[in-house]
Amino acid sequence: MEVRVQNIHKEFGRFPALDDVSLDIRSGELIALLGPSGSGKTTLLRLVAGLETPTDGTIYFGDEDASRKTVQQRNIGFVFQHYALFRHMTVLDNISFGLKIRPASRRPTSTDIKRRAMELIDLVQLSGLEKRYPAQLSGGQRQRVALARAMAVEPNVLLLDEPFGALDAQVRKELRRWLREIHDRTGHTTIFVTHDQEEALELADRVVVMSKGKIEQVGTPDEIYDTPVSPFVFGFIGQSNILSVRVESGQLWIEDRSIGVSAAGEPDGPAQLYFRPHDIELLEDCGGCIAGIVTASRRVAGTRHVELDIGATQGKVEIELPPEKTATDRSRIAFRPTRWKLFRS
Amino acid sequence: MAHDSSDPIGHHGNSEMVASATSESRMARYVLIGLALCFVGLFVLMPLAAVFTEAMRNGAGEFLTVLGDPETFAAIRLTLLVAVIAVPLNLVFGVAAAWAIAKFEFKGKAFLTTLIDLPFSVSPVISGLVFILLFGSHSLLGPWLQSHGIQILFAVPGIVLATVFVTFPFVARELIPLMQEQGTSDEEAALSLGASGWQTFWYVTLPNIKWGLLYGVLLCNARAMGEFGAVSVVSGHIRGLTNTMPLQVEILYNEYNFVAAFAVATLLALLALVTLVLKSLLEMKFSEQIAASRRH
Amino acid sequence: MTASTRKRWQFRQPSVIPGFGLALGVTLSWLILIILIPLSGLLWRSSALGWETFWAMATDQRTLNALRISFGTAFAAALVNVVFGVILAWVLVRYRFPGKRIIDAMVDLPFALPTAVAGIALTTLYAPNGWIGSLLTPLGIKIAFTPIGIVIALVFVGLPFVVRTVQPIMEEIDKEVEEAAATLGANRFQTISRVLLPGLTPAVLTGFALAFARGVGEYGSVIFIAGNLPYVSEIAPLLIVIRLEEFNYPAATAIAAVMLVISFAMLLVINMIQAWSRRRYGYGT
């Protein structure tokens with residue numbers, strides 16, 4: 001089901017948690033809300049769920065205005081950060097709960113409920129554990145139960161709050177891939193909240209980057225990474241270097257040196273140059289470049305990270321080189337960004 | 001999350017719609033609070049109020065005369081004496097038991113903990129009876145005690161023994177969960193720095209548990225001063241000699257001397273209130289230390 | 001650990017902390033001296049009666065009635081305390097209202113107030129001419145000097161048990177669990193009755209058992225309000241005292257032994273509830 005968020009404002013007391021947020025989510029999409037803590041991503045998720053009420057604005061499920069509906073009426077599936085399993089119920093009872101409590105008119109027969117729950121247990125690969133209690137499961141298994149429980153009610157939209165936050169790195173990676181598979185198989189419209197960019201970029205169809213109660217950018221993982229629209233997104237996603245430059249007659253200048261990058265069409269004046277450590281080319285001789293002295297160099301997996309001191313006013317930048325390229329301390333390296341972006345304050 | 005401060009009967013939510021998800025309707029809240037207040041009012045506050053009003057029925061003058069009575073005075077003295085003996089004994093025992101149980105792993109630990117709790121599930125009357133059977137004239141020890149002129153029953157030693165029996169678990173059961181939660185790393189650190197066992201206990205363990213200890217002593221003392229059933233069985237009700245304050249209350253009441261009975265009861269009720277105030281203060285100020293033991 | 005225990009039986013695991021011998025020594029001597037010797041004295045004395053004498057005394061009609069009244073009223077009072085104790089704990093944990101802190105502190109009054117004082121105070125309130133009794137007499141309801149009076153006294157005495165066992169567990173309820181139930185479509189009543197209360201069951205059972213055990217043995221607060229009519233409102237602890245005053249030690253011993261055995265059984269049940277709950281749900285009470 002499509003979910004449309006329109007001009008949502010949310011204030012806690014006087015603190016504005018969300019400020020005029022609008023977002024269209026297509027049916028069947030897997031979408032990530034990404035941002036640092038306090039960016040409002042969890043609040044947005046809880047508003048869609050109906051666990052919070054907007055101060056202002058509307059939320060549509062399909063063509064229907066859902067914002068006046070209670071959480072119970074919205075028929076959503078919510079997976080909580082700490083799973084919130086009912087600890088006095090078995091795995092099977094946890095998963096059947098949402099169906100069992102329906103009023104008699106809408107409740108499937110108990111055999112149907114059981115069949116549906118067992119299907120889900122199978123889907124989340126917990127067959128044989130249906131009689132266990134949550135206390136007898138591992139973190140990853142609890143997570144799967146929580147997901148199956150949320151899917152049992154055939155939700156309009158599946159909402160996950162930091163679904164992998166409480167798991168260790170290994171299990172996290174595994175479950176991430178598995179969640180993508182489940183999503184592709186079931187096709188639920190899914191929104192998940194995360195502060196982990198790797199998770200968002202790997203898993204989601206589209207990523208919503210949030211900061212300070214506002215949406216900074218919405219786009220596919222490639223768009224978010226390759227063409228960030230704001231300094232915040234550039235800085236938040238991946239590694240980046242920031243240099244103070246000057247635009248003058250279509251060229252970029254650091255102090256009185258041209259760095260050999262043409263910025264045709266940019267108006268003259270001071271600006272911030274953003275570029276990623278790996279979006280550079282090395283230059284043998286410097287007729288317009290950025291040059292610096294190597295102050296540190298370390299090998300990280302398939303690349304060499306080199307820290308350069310490029311002069312007192314700019315400080316240090318980090319670039320990535322192929323591992324076979326040596327960079328001895330105090331040696332001089334000249335380079336030029338190949339892909340970059342200018343932001344003006 | 002912000003509270004709705006305009007609502008005196010508030011809930012930890014902040015708007016009507018959210019309220020429907022994780023809280024009850026205003027109506028249900030009022031009904032539940034009403035029920036709870038009625039229950040506490042009926043069963044706790046009214047009896048307490050009755051004690052004070054009955055004591056003052058004939059004015060403060062008579063109230064004070066009753067308290068000046070030598071028998072009452074003797075009862076107060078005996079009650080204090082019993083508490084002064086019983087509480088420190090159980091304090092030492094409680095610390096020792098908690099040290100053994102909380103700081104070490106050994107076979108039969110769970111069983112030992114159950115045994116310590118035993119007096120809680122024994123009727124006070126039986127707690128008194130066991131000493132009658134042990135020291136009474138029909139018992140094995142009775143004739144021997146008699147021939148050596150040792151008086152235990154119907155005398156102060158019997159009252160002390162019965163009180164110690166009844167208040168036996170109080171300090172230990174406050175300290176055990178607290179010390180278990182604190183673990184042994186502090187002590188190990190002290191030992192590694194060269195402290196002796198006693199130094200470790202005195203400078204490291206004791207400061208860590210002092211408020212929990214005080215809490216246990218408070219409860220132990222309240223029970224020691226207020227114990228009725230066990231003491232009643234072993235005391236023999238000898239006026240001016242073996243009557244504690246609760247027994248004095250009973251005697252006066254049974255003589256239809258209600259004002260006097262309630263006057264003595266007032267003192268005990270004040271003791272209970274002081275205990276509750278100190279207990280609440282301790283819980284408020286040192287909640288993290290006492291939280292462990294409140295979970296029983 | 002299993003490897004070393006398999007190698008040889010160890011009374012305790014090695015530890016650098018000193019004082020184990022001293023602490024355990026003090027504990028055991030005190031325990032044996034004060035608790036175990038006197039209690040085993042009681043059991044020895046009752047076994048010395050011989051089975052037939054013991055059985056005759058334990059099944060004497062007045063004794064049976066007294067036991068029935070003690071257990072019956074304690075059961076009823078514990079039930080009342082379960083209902084109101086859970087409500088009271090809920091209100092104290094969940095709501096804010098004026099005077100909450102005082103009410104919270106007052107819940108412990110029955111622990112702190114000597115039972116004799118509670119006894120005379122409740123009798124004064126519920127006697128036919130008392131504050132509450134005088135309101136009920138015109139309606140034909142008699143409380144003091146009847147078994148209902150006993151229940152009232154035992155409700156007072158057992159009040160803190162359910163509240164104080166349930167309260168900490170309620171405080172730990174994760175708000176997410178309630179939200180989870182709501183997102184699955186449960187209304188507030190369903191959330192409370194099917195998610196929250198069942199989760200509290202072990203704590204409620206423990207509180208019930210504690211209040212019940214305390215009520216069965218209670219003496220001081222009951223004897224004033226009960227009226228102490230043999231066969232009608234005479235509790236077992238009182239009958240022990242009466243037999244003692246008659247110097248009928250065997251009868252007193254027999255009644256005490258029966259009560260003690262039942263109390264120990266209850267203690268066992270409480271421990272089993274807690275162990276079961278910890279094993280199954282991963283939390284105890």
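Where chains A and C meet, 26 residues of chain A are in contact with 24 residues of chain C, contact being heavy atoms within 4.5 Å. This is a predicted model, in which local features need pLDDT of at least 70 and side-chain atom pairs count only at pLDDT 80 or more, while totals for chains, interfaces and linings use all residues. Residues are numbered from 1 along each chain as its sequence is written, chains are lettered from A in the order in which they are written, and side-chain values use heavy atoms, leaving out hydrogens and water.

The area buried between chain A and chain C is about 2200 Å², with carbon and sulfur atoms giving 62% of it; buried area is the accessible area (1.4 Å probe) that two parts lose on being put together, summed over both.

On the side of chain A that touches chain C, the elements giving two or more residues are α2 (71–74), α3 (91–100) and α5 (139–152), and α3(A) brings the largest share, 3 residues. Helices here are DSSP runs (H or I, at least four residues), numbered from the N terminus.

Turning to chain B, its residues 30–53 are 100% helix, with end C-alpha atoms 30 Å apart.
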